[in-house]
Amino acid sequence: MSDRRIKVLALAGDPGGAEAIAPVISALKQDPRFEANVYSYKQATSIFERDGLRPQCLEESTSIGEFRSILSKTEIQLVLAGTSLNGIDLEKRLLHASNDLRIRSLSILDFWSNYTARFSDSSGTPILPDLIAVPDDRAYTQCLQAGLPEENLIVTGTPAFDKLATWSRESISKTRKRVRASLGVEKTTLLVVFASQPLSALQQAIGYPPPSITEHDAFQLLVDSLPSIASGSPFQVVVKCHPRESHEIWHSHLIDARRGIKAALDTNHSTLECCLAADLVVGMHSVVLLEAALLGVNVVSIQPGDTSNSTLPSRSNIFLVTSTDRVELCSVIRLSMSTPNQFTSGLATSTPTVLKALNQLCELPTIKNNQPDLQ
């Protein structure tokens, strides 16, 4: 390549995809060798704007042909993409266009699920980038089992978790005190945070059957179990919505579900701040649970079914509930609360590894890999 700056087009739509590539975009913008052109749609727009990345918002109808035009007119040399699953999936159209133009590409996998769906169109035809950055060896193995080619996979870690490296035990302690005071939680009150996610909507968007238990079912199971867990002690429940969820629906559900329990939807603090302030964090398989666990918070994940297929990595402070049985949930919660949270700091970052992979792509000839059949 010439001495001029390498032009990169970055795109994401879902919150998870945006969080995964945002740290990499920020690093590219600080590197004089690169020129980052940032595009977004759906919830990614607000996340990029939050991080000062000034995205250009795309229409959800943007076609493969329009992406070809954007790539050509802006003389893009590298593509950086999230792996959204939202029924629109502009990242796939972008990859299709970049493959047509033989422009190198890297996608960052932000979660341990739906590998085939993330990299194929509605007919099952593969749409692959040159490199897929995966979070760990477990994801690497699962991608291979899903039929993704080994030569396209690279273990980089998850850049979305780089923000966790900024937390220290001191900052966690200060945040915990500040958030609990802001929420009006007394020192003797058990604070329970439910980290929700739009599981029902996601399953529908990608054409999967409805889940065996929805996010609202899981919350109701928790609410029904709390009185026996608290054993008469005061407790308070805070619900944190996923960016793709409707606050109105949750407000309505809280009215029906709480039955005298002090429960509310919080919109004044980040989900991670609430998790750090909590005595108990419960959810299904939101990535927020893993973020909290990495910082040392004990979390309970309600995942009815075969735990060998759990979408969350195995950790000693992630406690799985494998059924909708209230007795099991109570038992698992008591177990999780029997060991105090062990807050940690000094976590490693992943963005440098992704940047190294992008640099390697710059040095490769513009010959694309074949697009294999996915299982």
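How many bridges join strand β6 (residues 131-134) and β7? The two strands pair over three bridges, in the parallel sense. Two strands count as paired if DSSP finds at least two bridges between them. Within this pair, Ala-133 stands opposite Ile-154 in β7.

The model is predicted, so local features need pLDDT of at least 70 and side-chain atom pairs count only at pLDDT 80 or more, while totals for chains, interfaces and linings use all residues. Residues are numbered from 1 along each chain as its sequence is written, and side-chain values use heavy atoms, with hydrogens and water left out.

**The sheet**

β6 and β7 belong to an open sheet of seven strands. The order is β3-β2-β1-β4-β5-β6-β7, and the pairing is parallel. At the edges lie β3 (56-57) and β7 (153-155), each pairing on one side only. Strands (E, at least two residues) and helices (H or I, at least four) are DSSP runs, numbered from the N terminus.

Helix α4 (residues 90-100) lies across β1, β4 and β5. It runs at about 150 degrees to β1. Such angles run from 0 to 180 degrees between N-to-C directions, with axes fitted to C-alpha atoms, for helices over the stretch in contact. Contact means heavy atoms within 4.5 Å.

**Two helices**

The expected span of a helix is 1.5 Å times one less than its number of residues.

| Helix | Residues | Length | End-to-end C-alpha distance | Expected span |
|---|---|---|---|---|
| α1 | 15-30 | 16 residues | 23 Å | 22 Å |

α1 bends by about 35 degrees at Ile-21. A proline, Pro-23, follows within four residues. The bend is the angle between axes fitted to the seven residues ending at a residue and the seven starting there.

Buried means under 20% relative accessible area, exposed over 50%, and partly exposed in between (1.4 Å probe, protein chains only). Among the buried residues of α1 are Ala-18, Ile-21 and Leu-28. Their cover includes β1 (6-12), β2 (34-40) and α14 (351-362).

In α13, the buried residues include Leu-329, Cys-330 and Ile-333. The buried residues of α13 pack against α9 (215-230), β11 (280-283), β12 (299-302) and β13 (318-321).

**The cysteines**

How many disulfides are there? The count comes to zero, taking a disulfide as a pair of cysteine sulfur atoms within 2.5 Å. Cys-241 has its nearest cysteine sulfur, that of Cys-274, 11 Å away. Cys-241 counts as buried because its relative accessibility is 12%. Cys-57 counts as exposed, because its value is 55%.
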